[in-house]
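Please read the following points with the structure open beside you, and check each one against the residues it names.

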Amino acid sequence: MLSPICLNAQTKKSGYFQNKQFGSNIDRSLKFTIGGGITSYSGDLNDVGERVNTIFSGGILYKFAPHLSLKTEFSFYQLSGTDVGGKNWQRNLSFQSRNFEGYAGLMYELFDVENPMRGQGLIVNPYVWAGLGFTTVNPYTNLNNTTYYLRRFKTEDVSYSGAAAVIPFGMGVRFEISRRVGLSLEGAYRFTFSDYLDDVSTTYVGSANITDNIRAQLADRGPEVNQPFREAGAQRGNPNRKDGYATLMIKFEYLIWPFNKYGKPECPTSIKFTRKPVIKR
């Protein structure tokens, strides 16, 4: 059964329902996305090589003009890094984290598929995107089989925020499978405005300046590998380079609804309706 919106939209234009399904005047659409993939951290604790973790996301794609879409997404992801086996093995630091991320951005598709409901035309569509968002900052580590969340221990005598701004950007390829369903393969990177995703940035506090035994062990873990405690002011990290992380994801896309150029929902049926002839007497 057709809604009054569909009925009015068609009768105003022509007086009858044209025999076209999801007409060619569609220039706006709304899609739901869900996906998963892998992450790779970049910071002070990745000398050993790439450590792969996981990410899961859900979001919305709103196409508002040819080639252009508004892209919003929320994600849960994990990161990790360690000195063990790397050139800084004497430092012996490590971290893991489970974080949440959200962002909004602009996506540009190389080709403008005139009507995403038809399943015709281009099947493969490359795109690029960039945005602005936030991430939580929640590193933790294990000491003597106990998990400690590092931010509260101020291992460098610095109080840093539990959230940070991020600038995400990336590229990908979208594949249209059917009129409503699609897949995309996407690679991206996040520049962050924090150097504490891994709890490592500046200098050692020095064990003589720390009264709490657990905090002292978390701040300087060299003695665990037979290294002496570092003096206050010794280099612990690189404050000149912010942390970041890369993602590689596969996403499922589902078209919630297309919109026509009048801002009305497009009628999802092909029914012809004609007016009754008027008989003059």
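1. A salt bridge here is a side-chain nitrogen of Lys or Arg lying within 4 Å of a carboxyl oxygen of Asp or Glu. In this model, which is predicted, the side chains of arginine 174 and glutamate 109 meet in such a bridge, with N to O at 2.3 Å. Because arginine 174 belongs to strand 8 and glutamate 109 to strand 4, the pair ties together parts that are 65 residues apart in sequence. Both arginine 174 and glutamate 109 are buried.

2. A search of the whole structure finds 11 salt bridges. Another of them joins the side chains of glutamate 101 and arginine 190, at 2.8 Å from N to O. Glutamate 101 sits in strand 4 (residues 94–109) and arginine 190 in strand 9 (residues 181–192), so this pair ties together parts that are 89 residues apart in sequence. Glutamate 101 and arginine 190 are both buried.

3. Glutamate 224 forms a salt bridge with arginine 221, and the closest N and O atoms of the two are 2.7 Å apart. Arginine 221 counts as buried because its relative accessible area is 7%, whereas glutamate 224, at 44%, counts as partly exposed. Elsewhere, salt bridges that share partners join Lys31, Glu109, Arg174 and Glu253 into one network.

4. Which charged residue is buried yet has no salt bridge? It is aspartate 220, whose nearest side chain of opposite charge, that of arginine 230, is 5.0 Å away. Aspartate 220 lies in the loop between helix 2 and strand 10, and a polar atom of its side chain is 2.6 Å from the backbone nitrogen of arginine 230. The backbone nitrogen of glycine 222 also lies 3.1 Å from a polar atom of the aspartate 220 side chain. Leaving aside residues up to four places away in sequence, aspartate 220 touches Tyr204, Pro228, Phe229 and Arg230.

5. The protein chain has two helices and 10 strands, which run from the N terminus in the order α-β-β-β-β-β-β-β-β-β-α-β. Of its 281 residues, 42% are buried. Among contacts with a separation of 6 or more, 75% are between residues 24 or more positions apart.

6. The largest nonpolar core has 21 residues, and those with the most contacts inside it are Leu45, Leu79, Leu218 and Tyr245. Strand 3 (68–82), strand 8 (163–176) and strand 10 (244–260) each supply at least two residues of this core. A second, separate core has six residues, including Leu61, Tyr103, Trp129 and Ala188.

7. Asparagine 145, in the loop between strand 6 (139–143) and strand 7 (146–149), has a positive phi of about 65 degrees although it is not a glycine. Asparagine 226, in the loop between helix 2 (213–219) and strand 10, has a positive phi near 65 degrees. Asparagine 145 is exposed at 80% relative accessible area, and asparagine 226 is exposed at 73%.

8. The mean pLDDT of the protein chain is 85, and 78% of its residues reach 70 or more. Confidence is lowest in helix 1 (residues 4–14), at a mean of 43, and highest in strand 7, at 98. The pLDDT is below 50 over residues 1–5, and it stays under 50 over residues 268–274. Where pLDDT is low, the predicted coordinates should not be read in detail.

Definitions and conventions
Residues numbered from 1 in each chain as written. Heavy atoms only, no water. Core = buried A, V, L, I, M, F, W, Y, C linked by side-chain atoms within 4.5 Å. Buried < 20%, exposed > 50% of the residue type's maximum accessible area, 1.4 Å probe, protein only. Helix = DSSP H or I, 4+ residues; strand = E, 2+ residues; numbered from the N terminus. Lys, Arg positive; Asp, Glu negative; His and termini not counted. Polar contact = N/O pair within 3.5 Å; in protein donor to acceptor, adjacent residues only side chain to side chain. Contact = heavy atoms within 4.5 Å. pLDDT = per-residue confidence, 0-100.
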